[in-house]
Amino acid sequence: MTTFVITIPGTFVRTADTQVRAQVERHLREADPHRTELGREEDLDLLTVNDDHTFTMRLEVTADANAQARTKAGELAAQALRAAGFDDSDAPLGPPIVTGIDNPA
């Protein structure tokens with residue numbers, strides 16, 4: 001198994017206040033990329049929201065292959081958004097992208 005850092009872009013179509021953002025982050029806490037060497041070095045935030053309501057999630061997932069990691073991260077992101085009251089039309093997600101691989105020695 002390999003640890004991947006996956007970046008997922010998205011857009012909040014309706015307002016996501018500080019409380020909602022915190023709820024999404026709590027739901028994703030186990031996938032926080034700060035637990036990886038790359039995440040610590042790059043100081044990767046779990047959720048970054050821009051002034052134009054676009055956002056980026058950076059998640060750590062363990063998988064056997066890139067495709068499996070991207071799928072798993074996409075599912076985690078969608079679950080976190082649903083838990084905060086957002087469906088696919090309220091916060092559409094872009095394609096998950098592998099932005100780091102952490103193979104412990």
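Is Thr7 buried or exposed? Keep that in mind while we look around this predicted model.

Let's start with the sheet. Four strands make an open sheet, lined up in the order E2-E3-E1-E4 with antiparallel pairing. At the edges sit E2 and E4 (97-102), and each of these pairs on one side only. On average, neighbouring strands are turned by 20 degrees against each other, direction ignored. Zoom in on E2 and E3 and you'll find three bridges in the antiparallel sense, with Leu47 standing opposite Met57 of E3.

Now for the helices. H1 packs on this sheet, where it touches E2 and E3, and its direction is about 160 degrees from that of E2. H3 lies across E1, E3 and E4, and it runs at about 130 degrees to E3.

In soluble globular proteins, nonpolar side chains tend to be buried together. Here, the largest nonpolar core has 24 residues, and Met57 is among those with the most contacts inside it, as are Phe12 and Leu81. Elements giving two or more residues to this core include strand E1 (2-11), helix H1 (18-28) and helix H3 (66-83). Beyond its close sequence neighbours (within four places), Met57 is in contact with residues including Val24, Leu47, Leu81 and Thr7.

That brings us back to Thr7, which is found in strand E1. Thr7 counts as buried because its relative accessible area is 14%, and the cut-off for buried is under 20%. Its side chain joins that of Thr99 through a polar contact of 2.9 Å. Leaving out residues up to four places away in sequence, Thr7 also touches Pro95, Pro96 and Ile97, among others.

Key
Residues numbered from 1 in each chain as written. Predicted model: local features only at pLDDT ≥ 70, side-chain atom pairs only at ≥ 80, totals over all residues. Heavy atoms only, no water. Core = buried A, V, L, I, M, F, W, Y, C linked by side-chain atoms within 4.5 Å. Buried < 20%, exposed > 50% of the residue type's maximum accessible area, 1.4 Å probe, protein only. Contact = heavy atoms within 4.5 Å. Polar contact = N/O pair within 3.5 Å; in protein donor to acceptor, adjacent residues only side chain to side chain. Pairing = 2+ DSSP bridges. Axes fitted to C-alpha atoms, helices over the stretch in contact; angles between N-to-C directions.
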